Amino acid sequence: MSQTAVPTTDATLLIDGTWRSAGNVFDVVDPATLEVIGQAADAGPEEALEAIAAADRAFRTWRTSAAEDRAGHLRAAAVRIRERQDELADLLSRENGKPLAEARGEVLASARMLDWAAEEGRRANGRVTPPSANGPGLVLKVPVGPVLAIAPWNFPASMLVRKLGLALAAGAVIIAKPAEQTPLIATALVRILQETGLPAGVLQQITTSRPAETVGALLADRRLRKISFTGSTEVGLGLVRATGTHLRRISLEMGGHSPAIVFADADLEAAATGVAAAKFANAGQSCTAINRLYVHRDVHDEFLALLLDKAAALTVGRGTAPGTTIGPLIDEAGLAKVEAHVQDAVSRGAKAVVGGHRCTPDDPLLQGAFFEPTVLTGVDDSMLISSEETFGPVLPVYVFDTDDEAIEQANSTEYGLAAYVYAAALSRVWQAIDGLDFGIIGMNEPAPVRPELPFGGMKNSGQDREGGSEGIEAYLETKSVAIRL
Ligand code: ADP
């Protein structure tokens, strides 16, 4: 069994129980230093079709395996992930750029998600309906079949593992398709799961630098029964359009444009700490990151001063360096979007009260796309940042006068993933929870993602939920049986 989390080979394809490479490989780059830290196999349609054939075969037996045994694999993998948290966090930090403490948090969250999936798999019960004139009925929950899990680079461990755990717990089989920026942490985690003794074909992995072409081959294959996608709204909607003649289940977790509201009665110190965390974690590259901050006029100045202190205390650097609290953006394209949003806002009258520029840390090794933690005031709805997801460490601050106005503005977006509320009075808290059109609400809580809570969005942020009791449903089909006695 491999003891090193950093895959030392480019054998990143797991097909039908065997790890192997492909004819071509692609480089994996540390986004802080721009050093090549590994290579991954560049699979194409041929490998994808091999995988779906193996998945189809494996499903025939895995679907009838004991739920208790399936849970055992997941629990064993969770134990292994916790044992190896140091090396996994180090790899995740190097590959994605996030600070080590955040990387460790994500690795441990992955283990908790596997524990949750193990428990949920044993409760995927159907039901018996009362007898009609002819007899009773059964509602069976059956595994959906071969699943494709398309994962993002921003949470390349936890987003992938959540899909794998719930699918395997449900009795489905699954092909992991990590993002091209982060195949190494995915490989380390898939190896851990595979080494619990999963039968060949139950869990597979395809790494590729050509996702459209490689995934395209699977979309055209009717044996693929389900897609679970996390990524941009553009690609997610493209997958829906590409359904073609093979209708299949698809869960989507896509972009966000999360508002946070600081009401007049909020605990301002706690709110400033929470807002800074929910904005600047992962350098703002979270689909649940705050993208718009609404502050009541009465507390605006006091709150802003507290917030600026938090932003000023952030240390930009390489994720693995001690003391770093904000790492690089994933690449130059990500940085270009952030710069465009800031320049557009400033050209229309906004002011960067802190930050606002590309950041060049005083270290020749730090060549990546770093951006200063930034707070903008004087923003209005005409600016790009007010309607588009920035995916970077920039926080625009808006002022409001009435609670109704704040909720209305928060809802004025095509997205509906996460919203954050800071308030004290119960009636105000309830009004916000009830009024906000978002799938996830952080109520005085900057980190609203928990295994036991369903995760997912409304509107153009997605469909279906991952995690919670709803999570396993995404990997189950419903079969009704009418019995005539
Ligand atoms: P981002 O723009 O943040 O990189 P993407 O939506 O492009 O987000 O990527 C999320 C995931 O979707 C990645 O695993 C990526 O490889 C995959 N992906 C990108 N384009 C396609 C496509 N045309 N078909 C299927 N998967 C894709």
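Which residues in helix 3 meet which residues in helix 6? The views below are drawn from a predicted model, in which local features need pLDDT of at least 70, side-chain atom pairs count only at pLDDT 80 or more, and totals for chains, interfaces and linings use all residues. Residues are numbered from 1 along each chain as its sequence is written, and side-chain values use heavy atoms, with hydrogens and water left out.

**View 1. Helix 3 (residues 85-96) packs with helix 6 (residues 183-194).** From helix 3, Leu 88, Leu 91, Leu 92 and Glu 95 meet Pro 183, Leu 184, Ile 185, Ala 188, Leu 189 and Ile 192 of helix 6, where contact means heavy atoms within 4.5 Å. By class, this contact has nine nonpolar, no polar and one charged residues. The axes of the two helices lie 8 Å apart, at an angle of about 155°, which makes helix 3 roughly antiparallel to helix 6 (angles over 145 degrees count as roughly antiparallel).

**View 2. Lys 459 has a positive phi of about 45° although it is not a glycine.** Most residues other than glycine have a negative phi. Lys 459 has its place in strand 20 (residues 458-459), and because its relative accessibility is 38%, Lys 459 counts as partly exposed (buried means under 20% relative accessible area, exposed over 50%, and partly exposed in between, with a 1.4 Å probe and protein chains only).

**View 3. Asp 464, which is not a glycine, has a positive phi of about 75°.** This residue is found in the loop between strand 21 (462-463) and helix 14 (468-473), and with 35% relative accessibility Asp 464 counts as partly exposed.

Methods: Axes are lines fitted to C-alpha atoms, for helices over the stretch in contact, and angles run from 0 to 180 degrees between N-to-C directions. Helices (H or I, at least four residues) and strands (E, at least two) are DSSP runs, numbered from the N terminus. Angles under 35 degrees count as roughly parallel, over 145 as roughly antiparallel, 65 to 115 as roughly perpendicular and the rest as oblique. Ala, Val, Leu, Ile, Met, Phe, Trp, Tyr, Cys and Pro count as nonpolar, Asp, Glu, Lys and Arg as charged, and the others, Gly among them, as polar.
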